[in-house]
Amino acid sequence: MDDIKEVKTVAVIGAGLVGSLAALAFAKRGYQVTVFEQRGDPRLAKNKNLRSINLAVSDRGVNALRNVDFKLCDSILQHVIPMKGRMIHHVEGELESQRYDLDNQCINSIDRGYLNDLLLNELDNHELIKVEFGRKLENLNLSGQPTLTFANLDIKSFDIVIGADGVFSAVRHLLQKYIRMDFTQEYIDSTYLELRIPPGEDGDFQIDANHLHIWPRHKFMLIALPNLDGSFTSTLFAPWDVMDTLHSDEKILEFFNENFPDAVDLITEKELLYAFHMHPRGKLLSVTCNKYNHTGKCLIIGDASHGMVPFYGQGMNCGFEDVDVLMALLDKHEDDVEKAFNEYTETRHKDLVAIVDLAKENYKEMRHKVTSKLFVLRKRVDFILTYYLREKWIPLYTMVSFRSDIPYSEAVARVEFQNKILLGIEGLIVGTGVFIGVKFLKWLGRKF
Ligand code: FAD
């Protein structure tokens, strides 16, 4: 749609993953876009940071990318490593593969830096997009035409402001002067630290590349996602008080040798200690808000509007889906931005709250439940029911990660119903067992 009546100007705040995709999507519709990013250009080596080196892109993210630019999406997918399930590493060293989906659908590990650089290159190549690095937004005036003030006191006006400035969003904060926004922010009592499993001596992966590896230890866990160079990015998630006890080399090695002995062999003691001394500890928090817009002037998307803990691998995927939902609404309302933004707030909220909650719940599943025999049995029953009932019975993980046609809130509603039926089946099995047991005891009583 290049034929919007007058060319509207859009300021996107934040050149992260979501801001970059939003900029591309608006430019493809014919809007004139300027992206403002507080940091320097991440493509320059000196601006690279250490955190979260890879992430998992799944159906919602892929679908949104494809809808913005089919070719770009294709070239991204050539640089991913598909992961078909979780590989559980038990303390005794036993490995257990738990696939994600009956039809072997995969989530995809991708290098965050590569993805960000690729998106930024696309922005550079688009004639309607300008990117300004080193530009920190400090103030926003939405009384008349939206006006932005930057840290260097530069002031600029635009028709539309998109806040994609991450979980500590300045736009979200400034927007609250103009609308009654409900807002929650909740830290979980865990932190994370990134480690690295290098390639083996032959340059190949030391453990299976097509799994997301998990060392679940109930209160804490270690995970690892593969990189194209044969390495894995590994992350330790643990409560702050556990992490605080790891204050000397001795304690760190003792903790790892006790809980993750096979991982120590893979990472090596030297690299483990290096990471503990050099890498930052990350905070983990959830953010929800409502509303998301002020008329047709300003809207927040991505982490700025729904920070979530990383345990469902959906933060970026959901942010990309925000862009997709927004573009569909602009289509529907023929680029009447105010109508599109208002409907976005009305319809998107329930889905964002649903995934923020699911992400929190999934921490318990990853660090604890996956080790339970009952959990594994339930997954099997889930798969059997899916096999026979197909569309009528879809496991939660499949709906969230592989079915962008099912909104998050619908996935939650469907799984609540399915869980009631599963509980009924369990009750029936237990009841039948008790009935047969009682009959048997009575028969035994008559015999003797
Ligand atoms: P950000 O990536 O935070 O980008 C915001 C940008 O705005 C930044 O570049 C920032 O510098 C800029 N900015 C901030 N303030 C200003 C300002 N005042 N002025 C100008 N610019 C500003 N998601 C997944 O989908 N799959 C995963 O597997 C996954 N794994 C994760 C693992 C970890 C350990 C973590 C922490 C997160 C993970 N996520 C994952 C979540 C994902 O990283 C985020 O959801 C995603 O990066 C959000 O993108 P964003 O563009 O909204 O925000």
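**Cysteines, a sheet and a buried loop residue**

Modeller: The sulfur of Cys 289 lies 11 Å from the closest cysteine sulfur, that of Cys 298, which is too far for a bond. Please keep in mind throughout that this is a predicted model.

Colleague: How many disulfides does a search of the whole structure find?

Modeller: The general idea is that a disulfide is a covalent bond between the sulfur atoms of two cysteines. In this structure, a search of the whole model finds 0 of them. Cys 318 is likewise in no disulfide, since the nearest cysteine sulfur, that of Cys 289, is 12 Å away, and the cut-off applied to such a pair of sulfur atoms is 2.5 Å.

Colleague: Are Cys 289 and Cys 318 buried or exposed?

Modeller: Cys 289 has a relative accessibility of 2% and counts as buried, and Cys 318, with a relative accessible area of 0%, is buried as well.

Colleague: Which residue is the bridge partner of Cys 289?

Modeller: Strands of a sheet pair through backbone hydrogen bonds, either parallel or antiparallel. Here, Cys 289 of β17 is the bridge partner of Phe 183, and the strands concerned, β13 (residues 182-197) and β17, pair in the antiparallel sense over 8 bridges.

Colleague: What is the order of the strands in the open sheet, and which strands stand at the edges?

Modeller: The open sheet has 7 strands in the order β6-β5-β14-β15-β16-β13-β17, and the pairing is mixed. At the edges stand β6 (95-99) and β17 (282-290), each of which has a single partner strand, so one side of each is left without a neighbour in the sheet. From one strand to the next, the twist averages 30°.

Colleague: Which helix packs on the sheet, and which strands does the helix touch?

Modeller: Helix α11 (residues 337-367) packs there, touching β5, β13, β14, β15, β16 and β17, and the direction of α11 makes about 155° with that of β17.

Colleague: Where does UniProt place the feature "coiled-coil region"?

Modeller: An unreviewed UniProt entry places that feature at residues 323-350; in the model, the chain over residues 323-350 is 86% helix and 0% strand, with its end C-alpha atoms 16 Å apart.

Colleague: Turning to a loop, where is Ile 394, and which residues is Ile 394 in contact with?

Modeller: Ile 394 sits in the loop between α12 (373-389) and α13 (396-402), and at 4% relative accessibility Ile 394 counts as buried. Leaving aside neighbours within four places in sequence, Ile 394 is in contact with Met 399, Arg 403, Ile 406, Arg 414 and Gln 418.

Methods. Residues are numbered from 1 along each chain as its sequence is written. This is a predicted model: local features need pLDDT of at least 70, side-chain atom pairs count only at pLDDT 80 or more; totals for chains, interfaces and linings use all residues. Side-chain values use heavy atoms; hydrogens and water are left out. Two strands pair if DSSP finds at least two bridges between them. Helices (H or I, at least four residues) and strands (E, at least two) are DSSP runs, numbered from the N terminus. Axes are lines fitted to C-alpha atoms, for helices over the stretch in contact, and angles run from 0 to 180 degrees between N-to-C directions. Contact means heavy atoms within 4.5 Å. Buried means under 20% relative accessible area, exposed over 50%, partly exposed in between (1.4 Å probe, protein chains only). UniProt positions are given in the numbering used here, feature names are shortened, and annotations may be inferred rather than shown by experiment.
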